[in-house]
Amino acid sequence: MIVSASYRTDIPAFYGPWFRNRLAEGSVRVANPYGGPAATISLSPRDADGFVFWTRNAGPFLEILDEVAERGFPFTVLFTVTAYPRALDAATIAWANATDQIRAIAARHGPRVVAWRYDPVVFTSLTPAAEHLRRFSEISKRLEGAVDEAIVSFAQIYRKTARNMDIAARRHEFTWTDPPGDEKTALLREFADIAADRKMSLSLCAQRELLIPGVADAACIDVQRLSDVAGRAISAPRRAHRDRCGCWSSRDIGAYDTCPHGCAYCYAVSGRAAAKRRFRDHNPASPSLIPGTADDAPARQGDLFSATTEPGNS
């Protein structure tokens, strides 16, 4: 079983002490985001084959990554760096700091550990296509030799995404759009050329209708990359966690509406105020990321997800 930590929130940036405690305890209680009973997911070496960490700031987590490695777990880090203006990314770290962290992780744990995410690509009056090319080129130049894959995707405009983008646009006086597919593929071609010059492959996350020659179908939960890091074969079903996704099966241990980064386009947060409140109120000793909910209840016999249990998808 591969453990994802987490595409629902930034555990390395904000919840490192909680994760360390869960790792020591050997399990985590996870609420079902779609309703229904919570689950207890095993983090023991017997059941967890490895971890995939998603983050925009691994600084608070660097020592914990060392601990994960010392415990014998292979892991990969999906590190998002976009260098967007504050109107879009309210509280992310400076992009040069982020690239320094990526280089430090690669130097410490190996060049296959980190994949760079430039996503989502958001088209606004602050970030037109030409600005995306400039930012992508500058970031990739700093990351050459430290990563071998750049993963991109275009913003999925869900209802709450549109609402939050409209709020940010009024507050910061910009406009935004979701352009047609041909504009996106034109940008992809230029991204692919830049990535190739930096000795990186370019892959596209969960948008297969936009794939073009030279751009691969992304597998963010990548069993092949994790196997390379581990130095042994890791197996998992090829089962996506959403449509048109190339990932292998995993169990995610995060929770929605808990990331206080404040990215205007975020699909995982309905409102930053609630996310900041949940972060402030969370208990690092709790079995679950959000204490006081049903997922804090003790595990029932037989509901522990392990290597002998069909893991399903988050």
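Val 147 is found in the loop between helix H5 and strand S8, where helices (H or I, at least four residues) and strands (E, at least two) are DSSP runs numbered from the N terminus. The model is a predicted one, in which local features need pLDDT of at least 70 and side-chain atom pairs count only at pLDDT 80 or more, whereas totals for chains, interfaces and linings use all residues. Residues are numbered from 1 along each chain as its sequence is written, and side-chain values use heavy atoms, with hydrogens and water left out.

At a relative accessibility of 4%, Val 147 counts as buried, the classes being buried for under 20% relative accessible area, exposed for over 50% and partly exposed in between, with a 1.4 Å probe and protein chains only. When neighbours within four places in sequence are left aside, Val 147 is in contact with Ile 102, Pro 111, Val 114, Trp 116, Lys 199 and Met 200, contact meaning heavy atoms within 4.5 Å. Of these residues, Ile 102 is 45 residues from Val 147 in sequence, while the two C-alpha atoms are 8.1 Å apart in space.

The strands are considered next. An open sheet of eight strands, with parallel pairing, has the order S11-S10-S8-S6-S5-S4-S1-S12; two strands are taken to pair if DSSP finds at least two bridges between them. In general, strands of a sheet pair through backbone hydrogen bonds, either parallel or antiparallel. Strand S11 (216-217) and strand S12 (251-252) stand at the edges of the sheet, and because each has a single partner strand, one side of each is left without a neighbour in the sheet. Strand S6 (residues 114-121) pairs with S8 in the parallel sense over four bridges, and Trp 116 has Ala 150 as its bridge partner in S8. Helix H4 (residues 95-109) lies across S5 and S6 and runs at about 165° to S5, where axes are lines fitted to C-alpha atoms, for helices over the stretch in contact, and angles run from 0 to 180 degrees between N-to-C directions.

A search of the whole structure finds 19 salt bridges, each defined as a side-chain nitrogen of Lys or Arg within 4 Å of a carboxyl oxygen of Asp or Glu. Arg 225 takes part in a salt bridge with Asp 148, in which the closest N and O atoms are 2.8 Å apart. This pair links distant parts of the chain, with Arg 225 in helix H8 (residues 223-230) and Asp 148 in the loop between H5 and strand S8 (149-154), 77 residues apart. Arg 225 counts as buried at 4% relative accessibility, whereas Asp 148, at 24%, counts as partly exposed. The side chains of Glu 149 and Arg 225 also meet in a salt bridge, at 2.9 Å from N to O; Glu 149 lies in strand S8 and Arg 225 in helix H8, so that this pair, too, links distant parts of the chain, 76 residues apart. Glu 149 is buried, with a relative accessible area of 9%. A network of salt bridges links Arg 112, Asp 148, Glu 149, Arg 225 and Asp 228.

Within helix H5 (residues 129-143), Arg 134 and Glu 131 lie three residues apart, about one turn of the helix, and form a salt bridge whose closest N and O atoms are 2.5 Å apart. Arg 134 is partly exposed, with a relative accessible area of 37%, while Glu 131 is buried, with a relative accessible area of 17%.

The structure also holds 18 aromatic pairs, for which the rings of Phe, Tyr and Trp (its six-membered ring) must have centres within 6.5 Å, planes under 30 degrees apart counting as stacked, over 60 as edge-to-face and the rest as tilted. The rings of Tyr 15 and Phe 279 have their centres 5.6 Å apart and their planes at 85°, and the pair is therefore edge-to-face. Distant parts of the chain are linked by this pair, Tyr 15 being in the loop between helix H1 (11-14) and helix H2 (16-25) and Phe 279 in helix H9 (residues 272-281), 264 residues apart. Tyr 15 counts as buried at 0% relative accessibility, whereas Phe 279 counts as partly exposed at 29%. Phe 53 and Phe 75 form an edge-to-face pair, with 6.0 Å from centre to centre and 65° between the planes. Phe 53 belongs to strand S4 (residues 50-55) and Phe 75 to strand S5 (residues 75-80), 22 residues apart; Phe 53 is buried, with a relative accessible area of 1%, and Phe 75 is buried, with a relative accessible area of 3%. Ring pairs link Phe 53 and Phe 75 with Phe 19, Phe 51, Phe 61 and Phe 73 into a cluster.

Finally, the charged end of Lys 160 sits over the ring of Tyr 256, at 5.8 Å from the ring centre, the criterion being that NZ of Lys or CZ of Arg is within 6 Å of the ring centre and within 35 degrees of the ring normal.
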